[in-house]
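Subject: Structure for you to look at

Dear colleague,

I am passing on the structure we talked about, and below it you will find notes on what turned up in it. Please keep the viewer open while you read, and look up each residue as it is mentioned.

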Amino acid sequence: MSNNELYLYGTVGGSFWDEDYFTAKSVRDELSDMTGPITVRINSGGGIASEGQAIYTMLVDYPDKVTVVVDGIAASAASLIAMAGEEIIMRRGAFMLIHDPAQPWTMGRGTEEDHLKEAELLRVLSGAYADIYAFRAGMGRDEARAIMRAETGLDGPMAVDLGFATSVDTDAAAVAAARFDYRMYANAPKELREASKSLGCAPEQVAIMAMIAGTPRKSLKETKMENLSPTTSAEEVSVDEETTDAEEETVETVQPEAVAQSQVLRERERARGITTMVSLAKLPVSLAADMIGRGITVDAALEEVTRHQKEQAEMSEVETGRTTAKVRVDARDKFKQGAELALMKKAGLKGGERNEFSSLSLSELAREALMMGGDRERFSDKRDMIGRAFTMAGSHTVSDFSNILANVMGKGALQGWEEAAENYPLFTRQGVLSDFKQTRRVGPGVFAALPQMQEDAEYTYGTIGDRGELIALATYGRILKISRQAIINDDLSLFGDMPRRLGRAAKRTVGNLVYAILTGNPTMSDTVALFNAAHGNLQASGAGSALQVSSVATAIAAMKVQADNGSALNVGPKYLIVPAALEMTARQLINSTVDPGASRGHAVNPVANFAELIVDARLDANSTTAWYLSADPNAYDTIEVAYLDGNDAPYLEQMTAWSSDGVEMKVRLDATAAPLDWRTMYRSPGA
């Protein structure tokens, strides 16, 4: 095994069917000898919930990169461990199973109150698991709980789609699933349930109880050692060790329930005592899992809980002048998420929510961010405090406050982008450019037909023409400054209205590029303008070019006879594009069943519903009479709108602005638009 590989094969917490296993202690011991990035390989059917949580915490706290590879199966507690990876790779055929933690007994006699206490403890533990799954997958806690309750089985692609894995290694097949009795899982795959039959009868209640409580099956020798009195002699022990296999089998047959139950009770008292203590102290459940995994006594756990409570009281109470806002020290990420959601709600952005941070002003959020970052310095001037929050001076870390503001503004800009009423995506297609160099778009053209192949004749090659249209990216952007005064004034427009306006402006910029092609009539690669009589896509000016049945019929025919290597392409128009001045005329022409221009009678309108109508007022500035036809961009090359690396939304960058006493947010868009072919578009100057 590589020094940088950690194999977690077998049951989490102990052996129950003579299978491989690993524990929190064994993982801690191995991690203590490791340095640098590590790869954790998992093949486990699950096991003890608290052990799995403790191992997850150890891996999250590991100081270098952790990559998790699910070699075979990561079920139950093992699926939680997998969430610790910065990368989570599913091998081809590997499987993941996510479900609720379980507890098949109660403390005491099993009264209603006992059951309610256990239900509350399970609720806390399930919530802690759900928080981990939700954070990893980028989903809400309720969505994660629904997946857990349904006992959801996931193959590699499904795990990636839901966010529980980052990729599937299609080159490496999964190894055989770890030895485990999968029959205790209601939704385990059929093949795993069938394989479990080799373990004998399905596990009884006592076996499951022992497993969940952390009590591996004891051998006869271990059982007898536990039952020896303090005065038992070495000779007696040596005689006991000579027990035959048959005797061992007999003893295990007559008293497994008593042995398991005794172990269950002892472990249950310790584990539940620690969990209850941590829950009542409102400390993170991960602390309980860590203490249970270390095997410490309840008394020792009480000392640790008291110490953690004292530290929490010192670091998480912020006097706001109204109410004390309390945030757990280990919940820095939750603070950032909660603050973003609260600020989004107050700024009127989609996806926001009211929560414990909703009552805080921007200044108070800045102070809270400092506290969460460990900065407890007192400030006599509010501007100094906000400046510190922007820069996190002396903390050697990125400013949480600046990141919160930038993320909210980014969501605002994206919402504005999505809200912008632009119609150019209808008649253009989206492309990707990887740099800012000029690129020539060379298409294979249209093959008119396949040649007939005579018997024994050789196939001939289709060729790609040497014509290609140039396209190159350009950068567009604007800077928005957030000053300390704006934070003190609690100016929420900086995070809601203004970023949305910038997002809408970014999308309008792309629309401007597209419509500038129609009105600007750029030169194509053959040195002829896009719309030109030589291209057969420009109607002669005069009364006959007005938007009417006859001119539209002429335009449609001109598009259909466009040819490639002498073969007609039959390009049909998909869209009629007009300025606002022609909207009503165009609607009447398209929607009327009779010819609107007929002087008498009821002449049939042959161009009714021939195309979808697009109206844009940017055309009016160039001409109130010109109109255009465009083919379907999904079938033909029309106009391409390209973005750098496919990032088709505005991008937000932040920079501390020392000269302007605040922070600057730059909205940037790398995009371009270019015509790809003249044969798929048509222009009439109108009259």
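Phenylalanine 357 is buried, with a relative accessible area of 5%, and phenylalanine 335 is also buried, with a relative accessible area of 1%. Please bear in mind throughout that this is a predicted model. The two rings form an aromatic pair of the edge-to-face kind, with 5.3 Å from centre to centre and 80 degrees between the planes. Because phenylalanine 335 lies in helix H15 (residues 332-346), while phenylalanine 357 lies in the loop between H15 and helix H16 (362-372), the pair ties together parts that are 22 residues apart in sequence.

Searching the whole structure gives seven aromatic pairs, and another of them joins phenylalanine 427 and tyrosine 515, whose ring centres are 5.8 Å apart and whose planes stand at 70 degrees, so this pair is edge-to-face. Here distant parts of the chain are linked, since phenylalanine 427 belongs to helix H19 (residues 424-427) and tyrosine 515 to helix H21 (residues 497-520), 88 residues apart. Both phenylalanine 427 and tyrosine 515 are buried. There is also a cluster, in which ring pairs link Tyr129, Tyr133 and Phe164.

Tyr129 leads on to a helix contact, where Ala49, Gln53 and Tyr56 in H2 meet Leu125, Ala128, Tyr129 and Ile132 in H4. Sorted by class, the residues in this contact of H2 with H4 are six nonpolar, one polar and no charged. Two packed helices are described by the angle between their axes and the distance between the axes. For helix H2 (residues 49-61) and helix H4 (residues 112-137), the axes come within 12 Å and cross at roughly 35 degrees, and the crossing is left-handed.

Helix H2 also holds glutamate 51. Is this glutamate 51 buried or exposed? With a relative accessibility of 11%, glutamate 51 counts as buried, because the cut-off for buried is under 20%. Leaving aside residues up to four places away in sequence, glutamate 51 touches Val12, Gly13, Thr23, Ala24 and Gly293.

The next stop is a strand. In a regular strand the side chains alternate between the two faces of the sheet. Strand S7 (residues 95-98) is covered on both faces, with Phe95 and Leu97 buried on one side and Met96 and Ile98 buried on the other. Strand S5 (residues 66-75) pairs with S7 in the parallel sense over three bridges, and alanine 75 stands opposite leucine 97 in S7. Strand S8 (residues 152-155), by contrast, pairs with S7 in the antiparallel sense over four bridges, and there glycine 153 is the bridge partner of leucine 97.

Finally, please look at another sheet, an open one of four strands in the order S19-S18-S20-S24, with mixed pairing. Its edge strands, each pairing on one side only, are strand S19 (612-615) and strand S24 (681-684), and the twist averages 20 degrees from one strand to the next. Strand S18 (residues 575-578) and S19 run parallel and are joined by four bridges, and isoleucine 577 stands opposite isoleucine 614 in S19. Helix H23 (residues 583-591) packs on this sheet, where it touches S18 and S19, and its direction makes about 180 degrees with that of S19.

How values were computed. Residues numbered from 1 in each chain as written. Heavy atoms only, no water. Pairing = 2+ DSSP bridges. Helix = DSSP H or I, 4+ residues; strand = E, 2+ residues; numbered from the N terminus. Axes fitted to C-alpha atoms, helices over the stretch in contact; angles between N-to-C directions. Contact = heavy atoms within 4.5 Å. Phe/Tyr/Trp six-rings, centres within 6.5 Å; stacked < 30°, edge-to-face > 60°. Buried < 20%, exposed > 50% of the residue type's maximum accessible area, 1.4 Å probe, protein only. Left-handed = near helix turned anticlockwise from the far one by under 90°. Nonpolar A, V, L, I, M, F, W, Y, C, P; charged D, E, K, R; others polar.
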